[in-house]
Amino acid sequence: MTFPHYRLPQSILWLLALLTLCWGFNWPVVKTVLTVMSPLHFRSWGLAVGAASLFAMARLGGLPIRVPRGAWGRLTVISMFNVGAWNVLTAYGIPLMDSGRAAILAYTFPVFGALFSVWLLKERLTLRRGAGLVLGIAGLALLLGTELTAVGRSPLGALLLLGSAVSWALGTVVMKRSPVDLPTTSFAAWQLTLSFAPVFLCAVLFERGGFSPLPLPLWPFLGFLFSVFVCSIFCYWAWFKIAAVAPVTISSLSTLMIPVVGVFSGMLVLSERPQWTDYAALALVITALASVLIPPRAAAQAASAEF
């Protein structure tokens with residue numbers, strides 16, 4: 001399977017930009033919420049509200065929501081990797097590290113996504129995409145550079161976040177290899193629903209504290225609202241839309257700006273100061289994105305000629 005001159009449609013690029021800003025900003029927001037709320041209680045809210053809202057959107061839009069016969073097995077597998085494991089591993093990993101650096105580790109996802117897609121989907125790792133992968137990971141490594149000591153102090157946090165990256169990558173590849181014939185909205189709603197059940201059950205059995213967000217202090221409460229009502233609805237829908245349209249290598253590389261936004265929003269929210277490495281990493285990641293999202297000149301001229 002090859003995609004020699006693939007480029008994302010402009011509507012998807014706008015969707016990607018909004019997704020990057022929302023998901024990037026969500027990293028320090030989640031860390032703020034998790035200082036006062038149990039991880040799985042918090043994730044249960046996000047999954048429940050997201051699933052209910054997406055089902056409502058599908059119903060209002062007249063979209064089919066019935067799962068095709070024979071698709072329940074692969075839908076469950078995709079949901080556990082894409083949503084369930086990701087939510088649990090990041091919820092427990094983020095409090096152990098700085099939010100921006102936690103985002104960096106979680107977004108090693110493109111490395112695993114590219115490798116899994118070459119192995120399982122037979123996608124071609126072209127020179128441009130390979131260069132983009134190397135540049136993007138170099139940028140993330142540079143951002144992480146000054147935090148290596150901190151990671152060493154929290155090996156559990158690092159392992160949890162790397163595990164979330166592997167899980168997300170594998171779920172995305174399985175989703176491309178064994179697609180479920182559902183509209184994006186319904187597909188996202190079912191994934192959140194199937195992930196909610198085990199997360200909620202574990203929250204009840206193994207965590208203390210109540211589910212109500214009303215006792216939360218002001219800023220964690222506002223962060224709770226943003227994460228639950230923006231990220232759990234819009235971001236999941238947007239990601240599954242992008243992942244359904246683009247090859248795995250490109251869709252995964254396109255997420256590399258999210259941890260950069262996470263680092264800089266962490267500086268804003270948590271009063272951290274940027275270093276030269278942050279700016280250098282930003283340049284590397286932008287170059288990585290350009291290498292895979294901007295088509296070669298010959299392909300661009302051919303596309304223009306078609307119109």
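## Around Ile65

Ile65 touches Phe55, Ala58, Arg59, Leu182, Ser186 and Trp190, leaving out residues up to four places away in sequence. This is a contact in a predicted model. Ile65 itself sits in the loop between α2 and α3, and α3 covers residues 72-93.

Ile65 has a relative accessibility of 22%, so Ile65 counts as partly exposed. The cut-off for buried is under 20%. One more pair is worth a look. Ile65 and Thr185 are 120 residues apart in sequence. In space, their C-alpha atoms are 8.7 Å apart.

## The whole chain

The chain has 307 residues. How many helices and strands does the chain have? There are 14 helices and 0 strands.

Buried residues make up 51% of the chain.

## How confident is the prediction?

The average pLDDT of the chain is 82. A score of at least 70 is reached by 85% of the residues. Where is confidence highest, and where is it lowest? Helix α2, residues 39-60, is highest, with a mean of 95. Helix α14, residues 297-306, is lowest, with a mean of 42.

One is residues 1-5, where the pLDDT is below 50. Beyond near neighbours in sequence, residues 1-5 have 10 contacts in the model. The other is residues 298-307, also with a pLDDT below 50. Beyond near neighbours, residues 298-307 have 3 contacts. Where pLDDT is low, the predicted coordinates should not be read in detail.

## Ser44 in helix α2

Ser44 lies in helix α2. Its relative accessibility is 2%, so Ser44 counts as buried. What does Ser44 touch? Setting aside residues up to four places away in sequence, Ser44 touches Phe196, Val199, Phe200, Ala203 and Phe211.

## Where α1 meets α10

Helix α1 spans residues 10-34, and helix α10 spans residues 218-245. Their axes come within 8 Å. They cross at roughly 145°, and the crossing is left-handed. Which classes of residue make the contact of α1 with α10? The contact has 24 nonpolar, 4 polar and 1 charged residues.

Ala238 is in helix α10. Ala238 has a relative accessible area of 0%, so Ala238 is buried. Neighbours within four places in sequence aside, Ala238 is in contact with Leu15 and Leu19. Ala238 and Ala188 are 50 residues apart in sequence. Their C-alpha atoms are 9.3 Å apart in space.

## Cysteines

A disulfide is a covalent bond between the sulfur atoms of two cysteines. How many disulfides does the count give? The count comes to 0.

Cys202 has a relative accessible area of 29%, so Cys202 is partly exposed.

Definitions and conventions: Residues are numbered from 1 along each chain as its sequence is written. This is a predicted model: local features need pLDDT of at least 70, side-chain atom pairs count only at pLDDT 80 or more; totals for chains, interfaces and linings use all residues. Side-chain values use heavy atoms; hydrogens and water are left out. pLDDT is the predictor's confidence in each residue, from 0 to 100. Helices (H or I, at least four residues) and strands (E, at least two) are DSSP runs, numbered from the N terminus. Contact means heavy atoms within 4.5 Å. Axes are lines fitted to C-alpha atoms, for helices over the stretch in contact, and angles run from 0 to 180 degrees between N-to-C directions. A crossing is left-handed if the near helix is turned anticlockwise from the far one by less than a right angle, and right-handed if clockwise. Ala, Val, Leu, Ile, Met, Phe, Trp, Tyr, Cys and Pro count as nonpolar, Asp, Glu, Lys and Arg as charged, and the others, Gly among them, as polar. Buried means under 20% relative accessible area, exposed over 50%, partly exposed in between (1.4 Å probe, protein chains only). A disulfide is a pair of cysteine sulfur atoms within 2.5 Å.
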